[in-house]
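Here is a briefing on one protein model.

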Amino acid sequence: MRVAALILAAGRGLRLGSDAPKQYLPLGGKALLRHSVDRLRRHPKISMVRCVISAEDSAAFAATGADVSTTFGGSTRQESARLGLESLADDPPDLVLIHDAARPFVDDALVDRVLAALSEAPGAVPALPVADSLRQVADGRIVAPLSREGVWRTQTPQGFRYPEILGAHRAAAGLNLTDDAEVAARAGLEVRVVAGAEDNFKITTAEDLARAESLLARRLDDLRVGSGFDVHRFGPGDHVTLCGVRLPHAAGLVGHSDADVGLHALTDAVLGALGADDIGQHFPPSAPRWKGAPSEVFLRRAAELVAERGGRIAHLDVTLLCESPRVGPHRQAMRARIAEIVGLDVERVSVKATTTERLGFLGRGEGIAAQATATVRLPAA
Ligand code: MG
């Protein structure tokens with residue numbers, strides 16, 4: 001049984017204060033439509049995912065990094081769905097799911113319910129009963145009560161046997177029906193209802209987008225802790241840069257970049273939490289472009305990698321090990337600088353310092369070491 005999923009993303013509607021249509025707005029560090037793409041692609045029963053986009057959005061779509069095929073939609077939702085279905089005709093699937101790009105929280109169990117119902121009927125839609133009382137309103141006044149008896153709110157993905165829904169859409173071409181269930185019903189196809197999910201809501205307003213952000217934040221429960229360690233030796237110079245703060249000193253630190261051991265250890269800690277190699281891999285010392293580079297570039301990039309995974313840094317902690325310079329007087333400036341680089345509240349950043357009791361290479365004043373810990377929250381897999 002081959003199952004294809006079409007994600008409808010051709011809408012021009014509701015820009016929520018931005019130039020891009022809402023399906024390209026960022027949600028949890030990636031484009032809204034990427035959430036649906038990623039979730040449906042991961043579903044074991046779905047063999048292909050295709051986005052129906054507007055030709056005007058080709059560049060915006062490419063920028064999302066979504067690794068799925070596309071086809072161009074039309075001027076209405078119904079036309080876009082039909083064109084998406086037509087694009088599958090050369091290599092037709094058995095079943096097709098049609099999903100709104102603006103419902104980022106579609107989950108596997110809901111998809112399973114829709115697909116299971118298609119063994120009984122040619123169409124299936126997820127829906128929820130209406131809990132609130134319904135009233136007909138005109139001019140800001142209640143005109144009449146409405147019964148909510150038998151009234152359900154439909155969601156997507158709506159699932160269909162492919163030949164039947166293609167035929168139904170061809171027969172309804174040119175009309176402006178609200179969803180595929182209506183197209184199917186018009187063609188006389190039986191459409192079953194399966195349980196929807198409250199979290200599978202459609203983002204249409206700025207308030208919905210804020211709700212989605214907070215829902216996503218609550219779901220960041222894949223907790224990772226990474227550690228980092230770095231050493232740089234003293235050499236000629238009159239200052240050192242530690243945790244992004246320049247301190248006058250009788251010697252400098254030797255390194256390819258600005259030799260900021262604190263930021264290097266923190267960068268490795270963040271990369272470690274992601275399981276994403278190390279600072280030398282991302283920023284090879286052999287590459288001329290990093291010569292003398294301010295190390296905030298490295299830490300900022302590591303923080304971007306966290307955001308690209310849809311995650312957040314929860315906490316950063318770094319300990320500087322040296323006999324001199326004295327760190328204490330600069331601790332708050334260092335915390336503030338780190339917080340600024342990664343975009344964290346300063347209370348989520350800790351800077352500590354210690355000596356090694358004049359023991360070893362650090363005790364002899366040959367260099368400075370730093371060790372760091374990063375706590376990162378990623379979306380549950
Ligand atoms: Mg280093």
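Does Arg103 count as buried or exposed? At 9% relative accessibility, Arg103 counts as buried; buried means under 20% relative accessible area, exposed over 50%, partly exposed in between, with a 1.4 Å probe and protein chains only. The model is predicted, so local features need pLDDT of at least 70 and side-chain atom pairs pLDDT 80 or more, while totals for chains, interfaces and linings use all residues. Residues are numbered from 1 along each chain as its sequence is written, and side-chain values use heavy atoms, without hydrogens or water.

**Metal site**
- Asp230 (OD), His232 (NE2) and His264 (ND1) coordinate the magnesium ion at 2.2 to 2.3 Å.
- Donors are N, O and S atoms within 2.8 Å of the metal (3.2 Å for Na, K and Ca); water is not among the atoms, so sites may look incomplete.
- The donor spacing in sequence is D-x1-H-x31-H.
- His232 sits in strand E13 (residues 222-235) and His264 in helix H8 (residues 261-274), so the pair, 32 residues apart, links distant parts of the chain.
- Helices (H or I, at least four residues) and strands (E, at least two) are DSSP runs, numbered from the N terminus.
- His232 and His264 are both buried.

**Salt bridges**
- The count is 26 salt bridges, each a side-chain nitrogen of Lys or Arg within 4 Å of a carboxyl oxygen of Asp or Glu.
- Arg103 pairs with Asp100, with the closest N and O atoms 3.4 Å apart.
- Asp100 is buried too, at 7% relative accessible area.
- Both belong to a network of salt bridges that also links Arg77, Asp180 and Lys202.
- Arg34 bridges to Asp38 at 3.1 Å between the closest N and O atoms. Because they are 4 residues apart in helix H1, about one helical turn separates them.
- Arg337 bridges to Glu340, also with closest N and O atoms 3.1 Å apart. Both lie in helix H11 (residues 331-342), 3 residues apart.
- Arg337 is buried at 19%, whereas Glu340 is exposed at 58%.

- In helix H1 (residues 32-42), 9 of the 11 residues are buried. Asp38 is one of the buried residues, at 17% relative accessibility.
- Leu85 is in helix H3 and is buried, with a relative accessible area of 0%.
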